[in-house]
Amino acid sequence: MKIDVDWDRCEGHGICAEQAPEVFSLDDEGELHHAYDGADIPDEFAAGARSAVGVCPVAALREQT
Amino acid sequence: MTAETTVPRYGEDIYSTAAILDPYPHYAELRALGPVVWLSRQKVYAVVRYAECKQVLLDDETFISGDGVALNPVANRLGRGTTLNSDGEEHALKRSVLAHRLTPKAVRKMSAEVQDKAEQIVDAAITKQWVDGVDDLATALPTSIVPDLVGWPEEGRENLLRWAGATFDSLGPLNRHAVTATKAAGEMLAFSRRVVRDRSVLPGSMGADVLAAADENRIERSQCPALMIDYLAPSLDTTIGAISGALHLFSQHPDQWASVRANPDLLSNAVNEIVRYTSPLRAFSRRAVREVEVGGVVIPRDARVLVVYASANRDPRQWHDPDSFDITRDASGQLGFGSGVHGCAGQGLARLETQTLLRVLAERVERIEPAGTPSRAVNNVIHRFDRLPLRLVTAERIAS
């Protein structure tokens, strides 16, 4: 699975980083980093990544279909 | 407009004073009736279960905000021009003018100031020992931060809390609360117009950003007063509701307060659980621009749809034992801040304020004890305490 970040919408609330810390993280500046941007997310992180999509407060994450 | 015969109907008024004070039994009945219920009194489709609330919030092309999010046409007309009542590109533009000041990244720069204010407020409260959790703690923090951030001039600040509460109250159905509140909400808009005309906003504030955006022709000058209110009105009562609700909950659950004291890192998720459990904002509405199916119910074109966040946050289909407060549950999916393009722009600041105040309290206060009967505010949209008598017990006091 792949997840796209809509960078125009992302406001850096960081809720995704709590759900899937291996995939999403906030740096010291508060900017979001997507460790698998454009790449397949390993199966072991997929469940966390899906729940990150579900809880993004501004719906900035989308699972590629 | 009439409901489909297959849609369950609910005849009780969920905006009567009694229901406003204790809405949860009504929400439970509504959820049991179905995912979408026709409210005979308000003549709207209420969406009351978690999954369907989320579906409506995420489908902002079908369920628009541009005709208002209130339950009455007067407030929907007064709210024209706000970010709250706009859609699509217009909404994105308005949100971009101000929301960048409120992102977690931006509010992080304010964390030292919030910490200072929280320490002063908590120290003063500890000295008093018997406090009103609403006035002495929950209200004190946002009112010491938000007016400066938005840049509201010193003059007129004495009216802010009343105006902001009334602005929410006016968004309910046209009951007698809303009629009184609409007058006060109008006063706030008139004051905001004067502030824009006189350019009396504080330098460097969000209000100054709004004027700069108009000077640069990114937005129209006529939009400025509404944008000021957009960010000022929602940032007081909501946070006051969350903080006072948290204080009440921790006074009822001393074991969970002890857990927070032992491990303050729990507070990050605890804020989600606090917002889930207290839902400071009950519900907002949308208008369906096409016929659409939600939870098996066909909602006709042009129908008004009420998204009941507070009910979604207690839906047993989504939450295990939803009426129990548990700061260790994963409550990150709560809908208290809404969701999607209209998701609360101030939630970063709200989280910072709530977490900081609770962390400072946890460092210094061993127990938060109930010290009298609390009472709730009567407001069509905001669900919060009006008075919350508490006793703050420090370690020294226990020792002596």
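This is a predicted model: local features need pLDDT of at least 70, side-chain atom pairs count only at pLDDT 80 or more; totals for chains, interfaces and linings use all residues.
Helices, which are H or I runs of at least four residues, and strands, which are E runs of at least two, are DSSP runs numbered from the N terminus. Residues are numbered from 1 along each chain as its sequence is written, chains are lettered from A and ligands numbered from 1 in the order in which they are written, and side-chain values use heavy atoms, with hydrogens and water left out.

**Stop one: an arginine in a helix**

Select B:Arg31, which you will find in helix α2 of chain B, residues 24-33. With a relative accessible area of 7%, B:Arg31 is buried; here buried means under 20% relative accessible area, exposed means over 50%, and partly exposed lies in between, using a 1.4 Å probe and protein chains only. If you now display the surroundings and set aside residues up to four places away in sequence, B:Arg31 touches B:Val48, B:Arg49, B:Ser311, B:Arg314, B:Asp315, B:Pro316 and B:Arg317, where contact means heavy atoms within 4.5 Å. Look in particular at B:Ser311, whose side chain makes a polar contact of 3.1 Å with the side chain of B:Arg31. A polar contact is a pair of N or O atoms within 3.5 Å; within protein, one must be able to donate a hydrogen and the other to accept it, and residues adjacent in sequence count only if both atoms are side-chain atoms.

Is B:Asp87 buried or exposed, or does it count as something in between? At 21% relative accessibility, B:Asp87 counts as partly exposed. Leaving out residues up to four places away in sequence, B:Asp87 touches B:Asp60, B:Ile64, B:Ser65, B:Gly66 and B:His342. The side chain of B:Asp87 reaches the backbone nitrogen of B:Ser65 at 2.9 Å, while B:Asp87 and B:His342, 255 residues apart in sequence, are 9.0 Å apart in space from C-alpha to C-alpha.

Then select B:Asn72, which lies in the loop between β4 (63-64) and α4 of chain B and, at 1% relative accessibility, counts as buried. A polar atom of the B:Asn72 side chain lies 2.6 Å from the backbone oxygen of B:Gly172. Apart from neighbours within four places in sequence, B:Asn72 is in contact with B:Ser170, B:Leu171, B:Gly172, B:Pro173 and B:Leu174.

**Stop three: positive phi angles**

Go to A:Ala59, in the loop between α2 (43-55) and β4 (61-63) of chain A. Phi of A:Ala59 is near 55 degrees, a positive value in a residue other than glycine, and A:Ala59 counts as buried at 15% relative accessibility. Back in chain B, select B:Ser279 in the loop between α15 (267-278) and β6 (283-288), where phi is near 35 degrees, again a positive value in a residue other than glycine. B:Ser279 counts as buried, at 1% relative accessibility.

**Stop four: packed helices**

Two packed helices are described by the angle between their axes and the distance between the axes. The axes are lines fitted to C-alpha atoms, for helices over the stretch in contact, and angles run from 0 to 180 degrees between N-to-C directions. Angles under 35 degrees count as roughly parallel, over 145 as roughly antiparallel, 65 to 115 as roughly perpendicular and the rest as oblique.

Select helix α9 (residues 160-169) and helix α13 (residues 237-252) of chain B, which pack at about 90 degrees with their axes 10 Å apart. That angle makes α9(B) roughly perpendicular to α13(B). The contact is made by B:Leu161, B:Ala164, B:Gly165 and B:Phe168 of α9(B) with B:Asp237, B:Thr238 and B:Ile240 of α13(B).

Finally, select helix α8 (residues 133-150) and helix α12 (residues 224-232) of chain B, whose axes come within 10 Å and cross at roughly 160 degrees. α8(B) is therefore roughly antiparallel to α12(B). To see where they meet, show B:Val146, B:Pro147 and B:Val150 in α8(B) together with B:Met228, B:Tyr231 and B:Leu232 in α12(B).
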